[in-house]
Amino acid sequence: MTILNRHAEQMTPFIVMEVLERATELEKQGHNIIHLEVGEPDFDMPICIAEAASQAQSEGLTHYTHSLGSLELREAIALFYLQEYGVKVSPDCIVVTSGSSPAILMALMAICNADDEVIISNPGYPCYRNFALACRATPVEVNVEAEDGFQYDIEKLKAAITTKTKAIFVNSPMNPSGTLVEDKVFEALAKLNIPILSDEIYHGLVYEGRARSILEFTDNAFVVNGFSKRFAMTGLRLGYLIAPKAYMRTLQILQQNLFICAPSTAQAAGIAALKKSKADIDNMLQVYNESRIYMIKRLRAIGFEIKTEPKGAFYVLADARKFTSDSYHFAFDVLENAHVGITPGVDFGSNGEGFIRFSYANSLENIVEGLNRIEKYLISD
Ligand SMILES: Cc1ncc(COP(=O)(O)O)c(C=O)c1O
C-alpha cells in the first residue's frame with residue numbers, strides 16, 4: 001500500500017533539475033552539453049574563502065557551533081547589513097542556516113498555521129510554492145508581467161490578500177527574470193502590515209541600479225540570504241535568516257531540532273567571504289555583466305523577445321512565443337537536438353509559459369557556443 005502525504009503529493013518537480021539530470025545522462029553517453037539552465041556560478045569560490053574553510057578544518061573547527069551560528073559570523077552579517085543598507089540588525093536576530101533554502105522553510109514554519117496563505121509571484125522561484133505546501137500552507141499566486149518589468153501590481157496583490165494571508169514573498173533581483181524590485185513596490189509592500197519574506201540571495205549580483213533590502217522599508221520582515229550565489233559557494237551550503245526578535249526563540253528551537261546548526265567549516269568560510277573577498281567578487285561581477293550584455297543582444301538577434309532587461313542575478317527570461325507555446329517540450333527538444341540545457345518558463349509558474357530562462361553563469365565562450373547551437377537548431381527546424 002502506498003501512503004503519500006497529500007501536501008507532498010501536490011508538490012511539483014523542480015524542472016530545471018530534471019533538465020540538468022537529463023543533460024548529465026547525455027553527457028555520460030558522450031555528448032557535449034552547454035549548460036545555460038542551472039543557476040549556479042561556474043566560478044570556483046575565491047581562494048581566500050577556500051583557504052578559510054580548509055584552515056578551519058585543519059584547526060579542528062569541525063564541531064557543532066551555537067545553533068544560531070557562530071557569533072563572529074552573525075556579527076559579520078550584521079555589519080554587512082549596516083554597511084550595505086544602513087540598517088541595524090542585532091546578531092541575536094540572525095540564524096545561520098545550511099543554505100538559504102532551510103531559512104525559507106523555517107521562516108514559513110514560524111509564521112504559518114495549516115491552511116494559512118502565502119502570496120508568491122507567478123512567475124517566481126518555484127520552490128517557494130513547495131516550501132509553503134511543506135508547511136501545510138496554501139500558496140496564492142499573483143501574476144507579474146514582462147511588460148510591467150515583472151513588478152507586483154499592488155492592486156492585484158491587495159485583491160489576493162485575505163484574513164488567512166500570513167506572508168508575502170518578494171525576491172530582488174528576481175529569479176527567473178533578473179529584474180530589480182522598484183522602490184515604490186517595496187514602499188507599498190511595507191504598508192500592507194503583513195510580514196514580507198524578502199529573498200535577497202542575489203544581492204551583490206547587480207549590474208545596473210541598486211538592490212534594496214526590505215529592512216530599509218520595514219522591520220515587519222524576514223530576510224533570507226546566503227552565500228551560494230554572490231560568493232559562488234553553492235556546495236558549502238551556507239545561508240541565513242534575519243527575523244523579528246519575537247520569532248527568534250521559535251526559530252532557534254526549530255534549528256536545534258531540525259538541523260542542529262549550519263556546517264562549522266562553511267561558517268568559517270562565510271566570515272572570510274564577508275571580510276576578504278571583495279576584489280574577487282568585483283571581478284566576477286564584471287565577467288557576469290559582459291555575459292549579460294552579450295546574451296541579451298544575441299537572444300534578441302535570434303528572435304527571442306526581452307521586454308525588460310535584467311539588471312541582476314544571472315538570468316535572462318526571454319519570451320519564446322515566436323518559437324513555441326510549450327516551453328517544457330521546447331527546452332527538452334533543444335536539449336536533445338542542440339545539446340544546450342535551458343529552463344522552461346513554466347518551471348516558474350503558469351504565467352511563465354511561453355518564456356525560457358537562460359542562465360549566463362557560464363563562460364562567455366560556452367554562452368556563445370550554446371547560443372550558436374540554438375540559433376542553428378531553430379533555423380533548421
Ligand atoms: C531565489 C532563490 N532563493 C533561494 C535559492 C536557494 O539557494 P541556496 O539554498 O543554495 O542558498 C535559490 C537557488 O537557486 C534561488 O534562486
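Which helix does Leu 364 lie in?

**Overview: the whole protein.** This is a predicted model, in which local features need pLDDT of at least 70 and side-chain atom pairs count only at pLDDT 80 or more, while totals for chains, interfaces and linings use all residues. Residues are numbered from 1 along each chain as its sequence is written, and side-chain values use heavy atoms, with hydrogens and water left out. The protein has 13 helices and 12 strands; helices (H or I, at least four residues) and strands (E, at least two) are DSSP runs, numbered from the N terminus. The C-alpha trace spans about 60 × 55 × 50 Å along its principal axes. Of the 381 residues, 58% count as buried, where buried means under 20% relative accessible area, exposed over 50%, and partly exposed in between (1.4 Å probe, protein chains only). Take the contacts (heavy atoms within 4.5 Å) between residues at least 6 apart in sequence: 74% of them join residues at least 24 apart.

**Close-up 1: Leu 364 in helix H13.** Here is the answer to the opening question: Leu 364 lies in helix H13, which covers residues 364-380. Leu 364 counts as partly exposed because its relative accessibility is 33%. Leaving aside neighbours within four places in sequence, Leu 364 is in contact with Ser 291 and Tyr 294. Ser 291 is 73 residues away from Leu 364 in sequence, yet the two sit 5.8 Å apart in space, C-alpha to C-alpha.

**Close-up 2: Ser 264 in helix H10.** Ser 264 has its place in helix H10 (residues 264-276). With a relative accessible area of 14%, Ser 264 is buried. Not counting residues up to four places away in sequence, Ser 264 touches Leu 61, Thr 62, His 63 and Thr 65.

**Close-up 3: Thr 234 in a loop.** Thr 234 is found between strand S7 (221-226) and strand S8 (239-242). At a relative accessible area of 18%, Thr 234 is buried. A polar contact of 2.5 Å joins its side chain to that of Glu 40; such a contact is a pair of N or O atoms within 3.5 Å, where, within protein, one must be able to donate a hydrogen and the other to accept it, and residues adjacent in sequence count only if both atoms are side-chain atoms. Setting aside residues up to four places away in sequence, Thr 234 touches Glu 40, Pro 41 and Ser 228.

**Close-up 4: Gly 349 beside Pro 123.** Gly 349 belongs to the loop between strand S11 (343-344) and strand S12 (355-359). Its relative accessibility is 14%, so Gly 349 counts as buried. Gly 349 and Pro 123 are 226 residues apart in sequence, but 4.8 Å apart in space, C-alpha to C-alpha.

**Close-up 5: helix H6 and what covers it.** Helix H6 (residues 126-134) is mostly covered, with seven of its nine residues buried. Among them are Cys 127, Tyr 128, Phe 131 and Leu 133. The buried residues of H6 pack against several elements, including helix H1 (6-10), helix H5 (100-111) and strand S3 (117-122). Just after H6, Arg 136 takes a positive phi of about 65°.
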